[in-house]
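Subject: A structure for you to explore

Hi there,

Here is the structure I promised to pass on to you.

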Amino acid sequence: MDKEGHSLPSASCADGRKRRVCYYYDPGIANVDYGADHHMVPRRVAMAHALVEKYGLLADMERLRVRPATKAELRAFHDDAYVRLLHDITQDADHRQGDAEILETARACGIGVPDPGETAAYDNPVIDGLWDYCVRYAGGSLAAARALASGTSDIAINWSGGMHHACQGRASGFCYVNDIVLAIQELLKHFERVLYVDIDVHHGDGVEEHFKRESRVMTVSFHRYGEDRPGGEKFFPGTGTAEDVGEGDGKYYTLNVPMDAHMDDESYQHLFRPIMHKVMEKFAPDAVVLQCGADSLYGDRLGNFRLSVKGHAGCVSYLRSFNVPLLLLGGGGYTINHVASCWCYETAVAVGKEEGISDEIPFHGYEHYYRDQGYKLHFTVPKTNGNKIDVAAMEKIKQDALMNLAMLKPPPTTQRHRRPSKRHGIDVNALFDHHSKNSKEKDKKSKKYRREEDDPMERLHRLCCEADRYDFFTELGKRKAREQVNATLFDPK
């Protein structure tokens with residue numbers, strides 16, 4: 001993996017491999033349930049966080065304070081009526097006259113509401129605590145964007161964010177609120193140019209749609225395109241062709257790299273690196289937002305790419321190397337053990353410690369999820385016997401992208417490379433959770449755990465698993481030994 005790319009070491013850190021990284025984690029998201037048969041499982045974020053903690057990576061990052069977004073902040077992109085719907089609708093809405101109007105509006109906005117007795121699954125169901133869920137993950141992306149804009153962080157991470165399909169007044173593709181658009185709008189208050197890069201297996205349609213006429217924002221999406229299966233429907237969302245290049249002032253500030261299924265590490269990076277090198281050269285962004293959708297990994301339940309954890313993380317490493325403020329967000333990813341492995345490793349890449357973490361999954365309460373990958377952080381991607389990559393087609397994809405980039409002209413701005421300053425009024429003290437920094441050693445010595453991080457699985461692990469390791473199995477061994485002694489003493493033979 002190319003670690004330093006085309007840039008010099010960061011000026012903010014004496015060690016060229018290190019960066020000032022801040023990290024957002026809200027344990028309240030862990031218990032959100034889309035439904036028993038739904039592909040989206042928000043607990044994957046808690047699983048990733050548990051790995052990040054056990055690998056000791058939290059010590060290398062500043063923690064962002066948990067702060068849900070407000071209605072006003074959501075209205076910066078979403079329609080007022082849609083925001084009110086998200087706030088008001090609940091699972092117990094029924095077909096009384098008062099609720100019937102809400103249910104009808106919900107269906108019009110892409111939110112699935114079953115009729116009485118109906119058991120059909122919906123992409124965007126009315127989940128329990130829907131409003132709370134939306135404002136929590138959106139608040140994380142806004143906090144991360146402000147941390148970058150304040151100049152106190154080089155990289156900001158929110159793995160619960162990255163919901164790129166949500167539209168201005170409509171839910172789509174498991175996404176209700178488009179935290180990416182909100183975060184980019186926040187960055188535009190402080191930076192002249194913002195680059196959005198999407199490596200989810202699905203096209204980043206919601207973000208592209210909003211910024212397609214904008215010259216201060218460039219959107220680049222690497223995604224699968226074409227039929228989901230021979231003779232079937234188009235792979236969701238069915239948009240993002242090479243011909244989609246933006247409109248009006250934003251023409252050629254939209255770049256799509258549509259790919260066939262079965263892309264592996266080598267073929268993916270064959271496209272990603274030269275294209276992104278040219279994007280960075282031509283657009284020269286002041287900040288970068290990278291949506292790290294993990295459904296492009298091998299073995300995903302919905303995607304059909306063949307990327308390894310290191311192959312996926314190579315995109316993070318490459319963009320990190322340019323030393324431009326970088327916002328890392330989550331996104332898709334439906335084989336949750338693969339997702340957690342990937343985002344944990346990419347957190348290590350962000351802080352510059354990817355070579356220092358073991359491939360052995362540590363004992364942390366979720367380790368049973370990793371049995372099928374041999375309890376290894378890096379799952380095996382088997383060599384394929386069929387479905388070979390069409391080299392000629394891949395080369396055409398690259399050339400189409402480079403031709404579109406050749407048409408890109410610097411946006412008509414008078415101030416290039418605007419950097420954050422105190423006059424923008426960001427309250428840095430309100431952004432960061434200083435308890436996690438100042439009390440880290442004290443909490444460690446006293447073995448006290450903060451309520452804010454009290455994930456249910458971690459709590460069970462502390463109350464049961466640690467006791468099992470140090471008490472239960474010891475007592476069981478003693479009991480077994482006593483039974484053997486007694487059996488020997490009273491054996492009639």
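Let's start with strand S8, residues 326-329, which is covered on both faces. Leu326 and Leu328 sit on one side, Leu327 and Leu329 on the other, and all of them are buried. Please keep in mind throughout that this is a predicted model.

**Strands around S8**

Which strands pair with S8? One of them is strand S3 (residues 155-158), which runs parallel to S8 and is paired with it over four bridges. Within that pairing, Ile157 has Leu328 as its bridge partner. Strand S7 (residues 287-291) is also parallel to S8, and four bridges join the two. Here Val289 is the residue opposite Leu327. To get from S7 to S8 the chain passes through H9, giving a β-α-β crossover that is right-handed.

**Strand S4**

Now look at strand S4, residues 194-198. How many of its five residues are buried? Five of the five are, so S4 is largely enclosed by the rest of the structure. Val194, Tyr196 and Asp198 point one way, while Leu195 and Val197 point the other way.

S4 pairs with S5 in the parallel sense over five bridges, and Leu195 has Met218 as its bridge partner in S5. Together with helix H7 (residues 205-211), S4 and S5 make a right-handed β-α-β unit. S4 is joined to S7 as well, again in parallel and by five bridges.

**Aromatic rings**

Next, the rings. A pair of aromatic rings is described by the distance of the centres and the angle of the planes. This model has 13 aromatic pairs. One of them is formed by Tyr253 and Phe283: the centres are 6.1 Å apart and the planes are at 65°, which is edge-to-face. Tyr253 belongs to the loop between strand S5 (217-224) and strand S6 (254-259), and Phe283 to helix H8 (residues 265-283), so this pair ties together parts that are 30 residues apart in sequence. Both residues, Tyr253 and Phe283, are buried.

Another edge-to-face pair is Phe272 with Tyr318, at 6.4 Å centre to centre and 75° between the planes. Phe272 is in helix H8 and Tyr318 in helix H9 (residues 309-320), so the pair links distant parts of the chain, 46 residues apart. Phe272 and Tyr318 are both buried. They also belong to one aromatic cluster, together with Phe222, Tyr268, Phe305 and Phe322.

Arg193 lies over the face of Phe283, 5.8 Å from the ring centre. Arg224 does the like with Phe235, at 4.4 Å from the ring centre.

**Cysteines and a histidine**

How many disulfides does the structure hold? Cys175 is buried, with a relative accessible area of 3%. Cys292 is in no disulfide either, and the nearest cysteine sulfur, in Cys342, is 7.3 Å away. Cys292 counts as buried, at 0% relative accessibility.

Where is His364? You will find it in the loop between helix H10 (336-351) and helix H11 (391-406). His364 is buried, with a relative accessible area of 1%, and its side chain reaches the backbone oxygen of Pro362 at 2.7 Å.

**Some backbone exceptions**

Most residues other than glycine have a negative phi, and most peptide bonds are trans.

- Phe236 and Pro237 are joined by a cis peptide bond, with omega about 0°; Pro237 is in the loop between S5 and S6.
- Tyr252 is not a glycine, yet its phi is positive, near 75°; Tyr252 also lies in the loop between S5 and S6.
- Ala284, again not a glycine, has a positive phi of about 50°; it is in the loop between H8 and S7 and counts as buried at 12% relative accessibility.

Enjoy exploring, and write back with any questions!

Best wishes

Key:
Residues numbered from 1 in each chain as written. Predicted model: local features only at pLDDT ≥ 70, side-chain atom pairs only at ≥ 80, totals over all residues. Heavy atoms only, no water. Phe/Tyr/Trp six-rings, centres within 6.5 Å; stacked < 30°, edge-to-face > 60°. Buried < 20%, exposed > 50% of the residue type's maximum accessible area, 1.4 Å probe, protein only. Lys NZ or Arg CZ within 6 Å of the ring centre and 35° of its normal. Disulfide = S-S within 2.5 Å. Pairing = 2+ DSSP bridges. Right-handed = clockwise from strand over helix to strand, strands pointing away. Polar contact = N/O pair within 3.5 Å; in protein donor to acceptor, adjacent residues only side chain to side chain.
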